[in-house]
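Colleague: I would like to go through how the chains of this model meet. Please keep the answers plain.

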Amino acid sequence: MLSKKHLLAAAIGLSLSFSTQASELETLINMLHENGMVTDAQYGRLMDELAANKTTQAQEKAAIDEKLAEATKPSDVEISTQGGLTLKTRDGQFSTKVGGRVQVDAATYGGSPDMGDGTDIRRARLYLSGTLYRDWGYKLEYEFDNSSITDAFITYDGFENYQIMVGNFKDPFSLDYMISANNTMFMERALPTAFNAGRHIGVMGARNSQYWTVAAGVFGDTVGNTGGEDDEGWGWSTRGTLSPINEPGKLLHIGLGLNYRDLQPNNTVRFSQAPESNVSGVRIVDTSAIDNADSMLKTGLELATVIGPFTAQAEYIRTSVDRDNISNADFDGWYVQSSYLLTGESRPYKNGVFGGIKPNHRVGDGGIGAWEVAMRYSSLDLNDGAINGGEADSMTLGLNWYPVPMLRFSADYVHVLDIDGGPDFDGKKPNVFQVRSQWAF
Amino acid sequence: MLSKKHLLAAAIGLSLSFSTQASELETLINMLHENGMVTDAQYGRLMDELAANKTTQAQEKAAIDEKLAEATKPSDVEISTQGGLTLKTRDGQFSTKVGGRVQVDAATYGGSPDMGDGTDIRRARLYLSGTLYRDWGYKLEYEFDNSSITDAFITYDGFENYQIMVGNFKDPFSLDYMISANNTMFMERALPTAFNAGRHIGVMGARNSQYWTVAAGVFGDTVGNTGGEDDEGWGWSTRGTLSPINEPGKLLHIGLGLNYRDLQPNNTVRFSQAPESNVSGVRIVDTSAIDNADSMLKTGLELATVIGPFTAQAEYIRTSVDRDNISNADFDGWYVQSSYLLTGESRPYKNGVFGGIKPNHRVGDGGIGAWEVAMRYSSLDLNDGAINGGEADSMTLGLNWYPVPMLRFSADYVHVLDIDGGPDFDGKKPNVFQVRSQWAF
Amino acid sequence: MLSKKHLLAAAIGLSLSFSTQASELETLINMLHENGMVTDAQYGRLMDELAANKTTQAQEKAAIDEKLAEATKPSDVEISTQGGLTLKTRDGQFSTKVGGRVQVDAATYGGSPDMGDGTDIRRARLYLSGTLYRDWGYKLEYEFDNSSITDAFITYDGFENYQIMVGNFKDPFSLDYMISANNTMFMERALPTAFNAGRHIGVMGARNSQYWTVAAGVFGDTVGNTGGEDDEGWGWSTRGTLSPINEPGKLLHIGLGLNYRDLQPNNTVRFSQAPESNVSGVRIVDTSAIDNADSMLKTGLELATVIGPFTAQAEYIRTSVDRDNISNADFDGWYVQSSYLLTGESRPYKNGVFGGIKPNHRVGDGGIGAWEVAMRYSSLDLNDGAINGGEADSMTLGLNWYPVPMLRFSADYVHVLDIDGGPDFDGKKPNVFQVRSQWAF
């Protein structure tokens, strides 16, 4: 009986990988053998059969496990249709995004001289962008409203936190201009965006971190410009930002920008500005072409803060045009704007710019979306010496409604407080009421 | 032995969730116990082991079931590549569609004065459209052939059967014009489409149901128009349709449309029309600019029927131009057209317009596609008082082949029966033979 | 006891489909029955229970197998995001591709008269293409840089190896021009591409096989051309190629092309060429408008070979302009170019054209990408009789870096060796250094 006990002990030690239901059978067989109910020969045969079946079972279980693992493995490509189309490989090597935006405006003007009431597609863009082999990125975006290429570039992101960009994109300069037009606080940027640096074909290096960013690039001319027998224009631009406080709902931002353009191709430059409304296309201040212009240097100072639902943002930009045999022409402008999100959201901030508002509680999901009220004072001085471009000051009240992410409806009332000089609007105080519908992603 | 029987009875009541193979073992053990082959102590141990193993088995089975459920769950995003790209989340919250069309034409002209034979890309469009958070929709479509934005809008569909639209889209007016150019019976719409209301930036409400539709909107000007110092034009448009009979292969449609445009910005309007062919670009009737035009009102009456493979469609449109200090200028036009699908399909109809033909039996799948013959009589009168735009009548024979869904090949023969007046074609009877290849989705 | 043995034997013959763990139990039961430990009645009950459980088990197993098969079945749609977006149904019936390209150039010119240094977006395209019902294909591609439609067509591929195309696409003529601009050896094609046949709206048949290709088509005019009252131009084009040696890394290619254009619409034609650089837009040779031109016939001869990493390619093109009442004007040009892939790749070849280089070892994956050095001699003679367009010869050195598939960075140095005649550059030897960044897929 020793051997039986021994075998029983051995049997208890066995474990089946798939299912353990045979263990009680093994126990029973051992007991029956021990009790003398089965012969030693029978016992041997039973034990052999038991062992063989255990092996088979284990194999079957392994096969099922393998198939289950395969079947429940996440797919290689993640797909998102929440606005356009985003596909990403799960390994981070590749991604593709198809996106776009449409901004439809209507405006009515008051004051004199009157500007034309009307409607406008302010922006209508599609883009294709993506990631190639983890470290490389590409983008092509087209503005259908004025048939122009906006972004068209390659990026290299293989050095951690650093980015190299080559192609056509925005010169790094001015917070107001660097913020996507989808995400500005008002329908139009402030008056000093007359000094924005625009997009050019060039090469840029950038470094982004939570508490500071630096970007610097060298640029040729705009996409549309072909020099022919003359050299095209060129320039450089740099922007640095500090955000010593930068956490969700809490921000202090300080920025400094420098932008230089060689103006030799045509030796001319012109600044003008609409009353923070682009439906009529009328400009309230305008320097006309400034001749003998060799180059210009723009200097910008930025300040911004976020405290919960409250945002404040201010900029000062000075533009100095270096003229041949004539003294420099200096212009400047500034604005202060702030907004309050009545529904409690905070304006997001990343890599030195503000992002778009996402409502906490969507319409259609028990919420009323996000509601934001905003106020701005802007000033732009295009008078200097003999150049009588005009000086304008304006005050804007804004209301933004974000019913769901990616949609925005805005209403702005702009009151131009005073225009001093300039070609057509000296002493006038035009006002604008305008609305916008926007989808963007 | 009572206890043994009791246990046996209990054992029979047990059911294993995963597999029942142990039940005969339990029966055996009970029998052996009952027969006195195993001791009570052994029996107890066996039963404990059996119970423990049953629990383990049940857990294993549950784990496999869970994984299987996960693995066989339909994916969150449904993908279709049957022409462009459609992605939908299964919960109906989001969708994205990339689509387009290309129409390539060739035409040869006869009669005198001759028009230029040639080829043309009639339409080449891409669009991105989609759904956001179930209730919101968006679209941007661009016409590459003439570099213009066609559709660019947001819709709100949160109220059942109602739709609100804001952006750029077709004014609701005229059945012929509301039918997508992909789906018209002939390559070109009938002569009275000289009075189509076009696309404008505006806001529209619509109500669609099986037996009637109503749409009404207020519109600003076209996308390209910027008023500058003058107000842009504006207008309103409304269209109602009744379809008291509306089931697959059986339709009676009655429609009425009104379209008003303020013409003050330029105080001018012009109507002209090609001979239902756009390859040469030559116009056979043309009012030239009508000055002193204050506003115009278009009135349209629509009739259509479908009886199996037979479709008939007719419209009458009257345009009345209100002129300053001069009597109104009134023009009108009408057409009757009908087609027969030789291969038995029926023209589909939904929300007050006809859709596209899908062949019952595809080429490549044992079929010859869908074949359609069609005939049309059109008339357009642009003569009124001193305005000598010309009156034209034309007759068209058409043949359409739809080898597979989304492809269409058409051949049209247009014979202008008579031209009475107008600048260049008075008394002429030009004719056109034209063909088209089209993909669209 | 016979029956017991009999049953035992029967039991051994049984096999369970799901798991065989019960077989030892059956053996045991038979043994116990044989040994008289269970009664015949008990034995019968046990055997019935065993059989019932076996059936249940088999059903459960089948259910799991079915679910596993469903869960591990490949999805119907294959998705690739490796550059743009490709979706294919696994049955080959449908596919959709969204792709594009961006080429950003910078150039500096030397010699005299100077041309303007600058930057340029050379090409910026997006396209949508796909397959419908296996046999049909479609494409629409747009060039955003000059706002023009490039490809817009339908193909029918239902006859094996044959293809029918209708729409707008390249006339089949000249190896250099048939190779995609993404894949040319240098940034710009050779001087004789002044004679390329361009894209027109037409119909083409093509036959592709490993050792030869033939394509022939009849074409109308370009997309932008609308004849108005005059007939548009038309032409025909054919190209045949032989590749008696055609295996990976080994190629001998011979090609012949003929291209005819009727020039009657304007009775004029003009040839000009830039110094293999398009940033400044300046042309170094130019015939100006040649009047009295009735038609022209271009004849091209192509030769190419690949031996491992080495590629050589040469073409000669002659253009003969048939003039009314004046003797023909004959022009010609040729080039020889060769390259060596330092990293060992071979230039791929298919259907009579070269494809793009894919690096053997990618940057970011332990490699340095593919590096290619190239050299070219080009010649173009636009002088004939009274026509003094100029003759130019140039030499180009090129360097291409393909860090990963779909990206390319190029640097070319072009030295114009001599210009003989022509409007502005007689006797001049301008040179160009230019660089390009490219993404394309």
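Colleague: How many residues does the contact take from chain B and from chain A?

Modeller: This is a predicted model. A residue belongs to the contact when its heavy atoms lie within 4.5 Å of the other chain. By that rule, chain A gives 62 residues and chain B gives 63.

Colleague: What area do chain B and chain A bury between them?

Modeller: The size of an interface is often given as the accessible area lost when the parts come together. Here 69% of that area is on carbon and sulfur atoms. In chain B, the residues that lose the most area to chain A are Tyr133(B), Trp136(B) and Leu140(B), together 12% of what that side buries. The area buried between the two chains is about 5100 Å².

Colleague: Which helix of chain B gives the most to the side that touches chain A?

Modeller: The residues on that side of chain B divide into twelve charged, 18 polar and 33 nonpolar. One helix, spanning residues 40-72, gives 14 residues to this side. That helix is α3.

Colleague: How many salt bridges are there between chain B and chain A?

Modeller: Polar contacts do occur across this interface, with twelve residue pairs found. A salt bridge needs a side-chain nitrogen of Lys or Arg within 4 Å of a carboxyl oxygen of Asp or Glu. Between these chains the count is zero.

Colleague: Which residues touch the most other members of the largest nonpolar core?

Modeller: That core has 96 residues. Those touching the most other members are Trp136(A), Trp136(B), Trp136(C), Phe144(A), Phe144(B) and Phe144(C).

How values were computed: Residues are numbered from 1 along each chain as its sequence is written. Chains are lettered from A and ligands numbered from 1 in the order in which they are written. This is a predicted model: local features need pLDDT of at least 70, side-chain atom pairs count only at pLDDT 80 or more; totals for chains, interfaces and linings use all residues. Side-chain values use heavy atoms; hydrogens and water are left out. Buried area is the accessible area (1.4 Å probe) that two parts lose on being put together, summed over both. A polar contact is a pair of N or O atoms within 3.5 Å; within protein, one must be able to donate a hydrogen and the other to accept it, and residues adjacent in sequence count only if both atoms are side-chain atoms. Helices (H or I, at least four residues) and strands (E, at least two) are DSSP runs, numbered from the N terminus. Ala, Val, Leu, Ile, Met, Phe, Trp, Tyr, Cys and Pro count as nonpolar, Asp, Glu, Lys and Arg as charged, and the others, Gly among them, as polar. A nonpolar core is a set of buried Ala, Val, Leu, Ile, Met, Phe, Trp, Tyr and Cys residues joined through side-chain atoms within 4.5 Å. Buried means under 20% relative accessible area, exposed over 50%, partly exposed in between (1.4 Å probe, protein chains only).
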